[in-house]
Amino acid sequence: MPAAEGSLLEVGGLTRRFGGVTAVEDLRLRADAGQVVSVIGPNGAGKTTAFNCVTGMIAPSAGTIVLAGRNVRGLAPHRVAAAGLARTFQSIRLFEEMTVAENVLMGRFARDRGLLRPLARADLDAVRRCLDFTGLAGAADRLAGGLAYGDRRRLEIARALAGDPRVLLLDEPAAGANPTEKRALMELIAAISALGTAVVLIEHDVALVMSISDRVTVLEHGRTIAEGLPAEIQEDQRVIAAYLGVPDDPEPDLDAVVLR
Ligand SMILES: Nc1ncnc2c1ncn2[C@@H]1O[C@H](COP(=O)(O)OP(=O)(O)OP(=O)(O)O)[C@@H](O)[C@H]1O
């Protein structure tokens, strides 16, 4: 995977309306090489809509999206992928009847429009590298459908990494994971960012977010109500009020809250 420096993703003024609903309003988001940047917020806050705009799956109503110095707003998803972006989905989307290695191989083609190009040596090397990196090498020949839950989540990430992304968007990677799987996931995310990849995370598990993020953006009803270091976010009264609904509570235990 390529080492990189500086700002890899810069989103500015991002707005998306669905009829009368403004799902995302004036979002600013920046992720540098090697950073983990998280977006949190209650259900319906606009997190997935923001990801869908950045990846080219839906068109923004307004705003700029710059990936590794290149304007990608308006590009089709495979072109955004070719510019260096990969993502995982909130609900696991694997090719259940293909092997683990074959699933990772598919990630090599995310940046191509179809499956028309021949397989190259570099594709197979990348698959092996991603399987080793994510700890799935021992399961390479197993069917994806037969994997344990934590390994399925891990495979989604391995497949995304196969495209050598400079920016990786993870949509709720810890959803449904047990504490052991969450710890392993946190280590994996830290290892990915250590390579120089910018990781942008949507996650409901606040304790996980606070422990691995360099910066956190908090959305509510599409608007950014706070942005800053994890320690700043944890003390922000608007965030506490939005999540816990107890603005007068002097010391709510935000770490213990898993948002739903
Ligand atoms: N295709 C769509 N058509 C109409 N409204 C939509 C569409 N997609 C999202 N919305 C609305 O936009 C708002 C933001 O939804 P979004 O799914 O982005 O929130 P979220 O923060 O990702 O929520 P969750 O945590 O449940 O995934 C919601 O009010 C939702 O109903």
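Reader: Leaving aside neighbours within four places in sequence, which residues is alanine 177 in contact with?

Author: In this predicted model, alanine 177 sits in the loop between strand E7 (167-171) and helix H6 (179-194). Its C-alpha atom is separated by 8.7 Å from that of arginine 153, a residue 24 places away along the chain. Once the neighbours within four places in sequence are set aside, the contacts of alanine 177 are Gly150, Arg153, Lys182 and Leu185.

Reader: Is alanine 177 buried, exposed or partly exposed?

Author: A residue counts as buried if 20 or more other C-beta atoms lie within 10 Å of its own, and as exposed if there are 12 or fewer. Alanine 177 has 19 other C-beta atoms within 10 Å, and therefore it is partly exposed.

Reader: How many residues of domain 1 are in contact with domain 2, and how many of domain 2 with domain 1?

Author: The protein is divided into domain 1 (7-84 + 165-256) and domain 2 (97-164). The C-alpha centres of domain 1 and domain 2 lie 25 Å apart. Where the two domains are in contact, domain 1 contributes 12 residues and domain 2 contributes 14 residues.

Reader: Which element supplies the largest share of the side of domain 1 that touches domain 2?

Author: By class, the side of domain 1 that touches domain 2 has 9 nonpolar, 2 polar and 1 charged residues. Helix H2 (77-82) and H6 each supply at least two residues of this side. The largest share, 4 residues, comes from H6.

Reader: Which helices do the buried residues of H3 pack against?

Author: Helix H3 (residues 100-107) is mostly covered, with 6 of its 8 residues buried. The buried residues of H3 are Val100, Ala101, Asn103, Val104, Leu105 and Gly107. They pack against helix H4 (121-134) and helix H5 (149-161).

Reader: Which element supplies the largest share of the shell around the ligand?

Author: The ligand is surrounded by Phe18, Val21, Ala23, Gly41, Asn43, Gly44, Ala45, Gly46, Lys47, Thr48 and Thr49. These residues divide into 4 nonpolar, 6 polar and 1 charged. Strand E2 (21-32) and helix H1 (47-54) each supply at least two residues of the shell. The largest share, 3 residues, comes from H1.

Reader: What is the phi of alanine 68?

Author: Alanine 68 has its place in the loop between strand E4 (62-67) and strand E5 (70-71). With 19 C-beta neighbours inside 10 Å, alanine 68 counts as partly exposed. Although alanine 68 is not a glycine, its phi is positive, at about 50°.

Reader: Where does histidine 221 lie, and what is its phi?

Author: Histidine 221 lies in the loop between strand E9 (215-220) and strand E10 (223-228). It has 16 other C-beta atoms within 10 Å, so histidine 221 is partly exposed. Histidine 221 is not a glycine, yet its phi is positive, at about 50°.

Reader: What radius of gyration does the protein have?

Author: The C-alpha atoms of the protein fill a box of roughly 60 × 40 × 35 Å along the principal axes. For 260 residues, a compact globule would have a radius of gyration near 18 Å. The protein agrees with this, its radius of gyration being 18 Å.

Reader: What percentage of contacts between residues at least 6 apart in sequence join residues at least 24 apart?

Author: The protein has 9 helices and 10 strands. Of its 260 residues, 40% count as buried. Among contacts between residues at least 6 apart in sequence, the share that joins residues at least 24 apart is 67%.

Note on methods: Residues are numbered from 1 along each chain as its sequence is written. This is a predicted model: local features need pLDDT of at least 70, side-chain atom pairs count only at pLDDT 80 or more; totals for chains, interfaces and linings use all residues. Two residues are in contact if their C-beta atoms, placed from the backbone, lie within 7 Å. Domain bounds come from an automatic or database domain assignment. Ala, Val, Leu, Ile, Met, Phe, Trp, Tyr, Cys and Pro count as nonpolar, Asp, Glu, Lys and Arg as charged, and the others, Gly among them, as polar. A residue is near a molecule or strand if its C-beta atom, placed from the backbone, lies within 6 Å of it. The radius of gyration is taken over C-alpha atoms; the globule rule is 2.2 Å times the number of residues to the power 0.38.
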